[in-house]
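I opened this entry to record what I looked up in the structure shown below. The notes follow the order in which I worked.

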Amino acid sequence: MTNVSGSTVWGVVGANATIQPGSSKNFSVTNPDTGTYIITFSPPFADPPAIVGTQCQFNESGPPITESTQDGLVFPQVTPSSAIVLTGNSVGIRTARAFSFVAMGTRAS
């Protein structure tokens with residue numbers, strides 16, 4: 001019988017892929033292309049985790065807040081070991097943006 005326990009990974013990531021203070025310590029981020037980020041979970045989950053996220057205006061002065069309600073992010077691929085994040089502007093063009101996320105799943109031990 002496999003012992004299964006839950007796990008949560010969370011983070012705030014700057015537009016330049018820097019992990020911001022207060023994030024959990026069990027992931028890393030790379031930025032292979034404009035508006036494309038790869039989150040790597042360490043250790044990996046047993047199965048693909050549930051993941052949610054949003055763009056944020058981290059470390060930018062405001063008001064005025066410049067984001068549109070159409071600015072967004074998507075996770076087109078989520079595996080036990082990683083997630084691809086795409087961030088875009090209000091017309092759907094990939095754009096470097098800060099974002100936050102929470103991934104929850106099980107870890108087999």
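**Salt bridge and core**

I began with charged pairs in this predicted model and found that the side chains of Arg97 and Asp71 form a salt bridge, with an N to O distance of 3.1 Å. Arg97 sits in the loop between β6 and β7, and Asp71 in the loop between β4 (50–55) and β5, so the pair ties together parts that are 26 residues apart in sequence. I checked the burial of the two partners: both Arg97 and Asp71 are buried. My count of salt bridges came to one.

I turned next to the nonpolar residues. The largest nonpolar core has 17 residues. Ile39, Phe41, Phe99 and Phe101 have the most contacts inside this core. I noted which elements give two or more residues to the core: β1 (4–13), β2 (27–33), β3 (36–41), β5 (72–78), β6 (82–88) and β7 (99–108).

I then listed the contacts of Ile39, leaving out residues up to four places away in sequence. Ile39 touches Phe27, Ser28, Val29, Ser81, Ser82, Ala83, Val85, Phe99 and Phe101.

From that list I followed Val85, which belongs to strand β6.

How values were computed. Residues numbered from 1 in each chain as written. Predicted model: local features only at pLDDT ≥ 70, side-chain atom pairs only at ≥ 80, totals over all residues. Heavy atoms only, no water. Core = buried A, V, L, I, M, F, W, Y, C linked by side-chain atoms within 4.5 Å. Buried < 20%, exposed > 50% of the residue type's maximum accessible area, 1.4 Å probe, protein only. Helix = DSSP H or I, 4+ residues; strand = E, 2+ residues; numbered from the N terminus. Contact = heavy atoms within 4.5 Å. Salt bridge = Lys/Arg side-chain N within 4 Å of Asp/Glu carboxyl O.
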